[in-house]
Amino acid sequence: MTRTLPAPPDRQARAVRLGPRAVAALVLISAIGVMAFGWPLLAGSASGLAHSKDAPWLFAALLPLLLAVVVATIADASASSATGGAPGLDAKAIAMLGVLAAAGAAMRPLGAGTAGIEPMFFLMVLSGRVLGPGFGFVLGSVSMFASALLTGGVGPWLPFQMLSMGWVAMGAGLLPGPDRLRGRREIVMIAVYGGVSAVLYGLVMNLQGWPYIGGLATGVSFVPGDPLPENLARFVAYCLATSLGWDLPRAAVTVLLTLILGPTLLKALRRATRRAAFDAPATFDRPGPTPQKPERQRGMKGL
């Protein structure tokens with residue numbers, strides 16, 4: 001007989017525990033993502049790298065690397081289960097991943113990007129906080145991919161959006177005090193992080209597209225081969241002139257939703273995680289003797 005011991009009520013159960021292969025895959029994809037965002041800034045004017053026609057090849061290479069994180073996490077889960085260790089991305093975690101990704105994908109069209117209103121950010125941040133950095137990265141990437149299918153936003157920018165949203169949710173899982181900090185202090189911390197990460201998301205996505213508008217006769221366009229400080233100064237001017245009007249409303253909506261709905265959603269996510277008992281060890285009880293039914297005495301009298 002197999003039974004699962006429930007997690008203690010005051011302890012946060014993690015849906016995904018990062019094993020060595022998952023950590024290696026996550027570090028690899030993050031490093032490649034940083035290089036993918038920043039390589040045009042370091043390219044020389046005669047290298048031919050800072051050209052928009054080269055971008056689709058790089059974008060196409062990122063997508064399978066994102067999937068490698070999921071595959072490595074599942075592999076670590078299988079290896080851990082076989083040796084009796086703590087599970088990783090098991091069937092119950094995958095089920096919760098699907099539910100949260102569907103909810104996040106459904107929330108994105110509510111704002112449709114109007115004035116930067118994107119309510120899915122607060123769900124990604126809270127989910128990453130409760131379910132950990134590994135789960136958060138996978139959830140952010142999958143949610144962005146699913147929402148792009150719903151909104152028709154599939155394009156060469158999609159892998160970068162998946163990376164950026166994965167980093168946002170992963171960072172929430174790395175916030176301090178996941179097992180101890182509760183109440184108003186935790187909500188304020190998550191709200192501040194959500195607002196900052198919403199602005200940083202816009203800046204990073206600007207960095208993805210800004211180098212490919214080079215050649216414009218303005219003081220905010222990218223100039224291949226120019227010194228890095230000069231290009232960064234143009235990039236800051238570009239963000240202030242173009243995207244800050246979207247980034248600040250996104251941050252404000254994320255903060256407000258976290259302060260208003262955060263306590264309720266955190267309790268719901270933690271309750272669901274405890275009930276699912278993702279990291280609870282399975283114990284095996286030795287079956288006892290089968291109770292014998294008493295013999296029927298009817299008709300036995302007189303024998």
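**Starting from one alanine**

Ala172 lies in helix α6. Helices are DSSP runs of H or I with at least four residues, strands are runs of E with at least two, and both are numbered from the N terminus. The model is a predicted one: local features need pLDDT of at least 70 and side-chain atom pairs count only at pLDDT 80 or more, while totals for chains, interfaces and linings use all residues. Residues are numbered from 1 along each chain as its sequence is written, and side-chain values use heavy atoms, with hydrogens and water left out.

Is Ala172 buried or exposed? Ala172 counts as buried, because its relative accessibility is 0%. Buried means under 20% relative accessible area, exposed means over 50%, and partly exposed is in between, using a 1.4 Å probe and protein chains only. Leaving aside residues up to four places away in sequence, Ala172 touches Val125, Gly128, Arg129 and Tyr193. Contact here means heavy atoms within 4.5 Å. Ala172 and Gly194 are 22 residues apart in sequence, yet their C-alpha atoms are 8.1 Å apart in space.

Now step across to Tyr193. This residue is found in helix α7. Tyr193 also counts as buried, at 18% relative accessibility. Beyond residues up to four places away in sequence, Tyr193 touches Val125, Trp167, Val168, Gly171, Ala172 and Leu175. Gly171 is 22 residues from Tyr193 along the chain, and 8.6 Å separates their C-alpha atoms.

Two packed helices are described by the angle between their axes and the distance between the axes. The axes are lines fitted to C-alpha atoms, for helices over the stretch in contact, and angles run from 0 to 180 degrees between N-to-C directions. For α6 and α7 the angle is about 155°, with the axes 10 Å apart. So α6 is roughly antiparallel to α7. The cut-offs are these: angles under 35 degrees count as roughly parallel, over 145 as roughly antiparallel, 65 to 115 as roughly perpendicular, and the rest as oblique.

α6 passes α7 in a right-handed crossing. A crossing is right-handed if the near helix is turned clockwise from the far one by less than a right angle, and left-handed if anticlockwise. On the α6 side of the contact stand Phe160, Gln161, Ser164, Met165, Trp167, Val168, Gly171 and Ala172; on the α7 side, Tyr193, Ser197, Tyr201, Val204, Met205 and Gln208. Nine of the residues in this contact are nonpolar, five are polar and none are charged. In this scheme Ala, Val, Leu, Ile, Met, Phe, Trp, Tyr, Cys and Pro are nonpolar, Asp, Glu, Lys and Arg are charged, and the others, Gly among them, are polar.

Helix α7 has another partner. The axes of α4 and α7 come within 10 Å and cross at roughly 125°. α4 and α7 are therefore oblique to each other. This crossing of α4 past α7 is right-handed. From α4, Phe121, Val125, Leu126 and Arg129 take part; they meet Glu186, Met189, Ile190, Tyr193, Gly194, Ser197, Ala198 and Tyr201 in α7. By class, that contact holds eight nonpolar, two polar and two charged residues.

Helix α4 (residues 120–131) also packs on α5 (residues 133–151), at an angle of about 155° and with axes 7 Å apart. So α4 is roughly antiparallel to α5. Again the crossing is right-handed. Met120, Met124, Ser127, Gly128 and Leu131 in α4 meet a set in α5 that includes Phe135, Leu139 and Ser143.

Next comes the core. A nonpolar core is a set of buried Ala, Val, Leu, Ile, Met, Phe, Trp, Tyr and Cys residues joined through side-chain atoms within 4.5 Å. Which residues touch the most other members of the largest one? Leu100 and Met165 do, among its 53 residues. Helices that each supply at least two core residues include α1 (20–42), α3 (91–111) and α9 (244–276). Leu100 touches Leu123, Met124, Ser127, Leu131, Phe135, Leu139, Ser143 and Leu269, not counting residues up to four places away in sequence.

For contrast, look at Ala68. Its place is in helix α2 (residues 55–82). Ala68 is partly exposed, with a relative accessible area of 33%. Leu28 is 40 residues from Ala68 in sequence, and 9.7 Å away from C-alpha to C-alpha.

Finally, the whole protein. There are nine helices and two strands. Their order along the sequence is β-α-α-α-α-α-α-α-α-α-β. Of the 303 residues, 45% count as buried. Among contacts between residues at least 6 apart in sequence, 80% join residues at least 24 apart.
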